[in-house]
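Please read it beside the sequence and the coordinates.

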Amino acid sequence: QFPTEGGEGRRFVGVNVYDALVNWDADQGDTPPGVIPGLAESWTRSEDNMTWTFKLRQGVKFHDGTTFDADAVVFAFDRVMKRDFEFFSETQRGAGASNLAAIAGYQKVDAYTVAFTTNKPWSFFPYDLALINIPSPTAIKTFGNKEYPRHPSGTGPFKVDKYVDGQVMELIPNTEYWGRKPKLDRLILFPMPEPATR
């Protein structure tokens, strides 16, 4: 769920294919963006500032047609927090480790509620969560960690239509997107690792 190509991977793939519990406000104008509801419609913080409870958006589907819910959130965090988890990914853990540092624990409260505890009061926690994308558990279970990048499935405004490793990625609109619909019919990304060529 973390693009592993640095800022460009996150900017061009991550925010198009995936959502996080909270998203960045891209309409903020010329001020630094804040966080706004994403896959979580709302959240509250406990009086001791160490438990954050997120009410999840209902009716959201992953690109593979499966349902987004609290189990998907727990799966995403198990994948990067629990080394003994069957689908733990060291690559994904490494790509987002700094955004996971404050998390002491997390749990499903009900089908559309999850709670996180932090290891100390952490006012930046929502900003950290905005960088942790939620992938389809079904897709990862189907393809495994190694092949999943060839079959990505998020809840974002675009879905992957074509992917040839090292050559091209083509994205098309997710017509069932819960938020603002994409304005482009197709987005074609060409990786160019050579700075001079880029």
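The text below takes the strands and then the helices.

The model is predicted: local features need pLDDT of at least 70, side-chain atom pairs count only at pLDDT 80 or more, and totals for chains, interfaces and linings use all residues. Residues are numbered from 1 along each chain as its sequence is written, and side-chain values use heavy atoms, with hydrogens and water left out.

Helices (H or I, at least four residues) and strands (E, at least two) are DSSP runs numbered from the N terminus. Two strands pair if DSSP finds at least two bridges between them.

An open sheet is formed by 3 strands in the order S7-S8-S9, with antiparallel pairing. Its edge strands, S7 (158-164) and S9 (187-189), each pair on one side only. From one strand to the next the twist averages 20°. Leu171 has Leu187 in S9 as its bridge partner.

S5 and S6 are joined by a hairpin through 2 residues, and Tyr106 stands opposite Phe116 in S6.

| Strand pair | Sense | Bridges |
|---|---|---|
| S8 (168-173) and S9 | antiparallel | 3 bridges |
| S5 (103-110) and S6 (113-118) | antiparallel | 6 bridges |

The axes of helix H2 (residues 70-81) and helix H5 (residues 137-147) come within 10 Å and cross at roughly 35°. Axes are lines fitted to C-alpha atoms, for helices over the stretch in contact, and angles run from 0 to 180 degrees between N-to-C directions. Ala72, Phe75 and Arg79 of H2 make the contact (heavy atoms within 4.5 Å) with Pro137, Ile140, Lys141 and Asn145 of H5.
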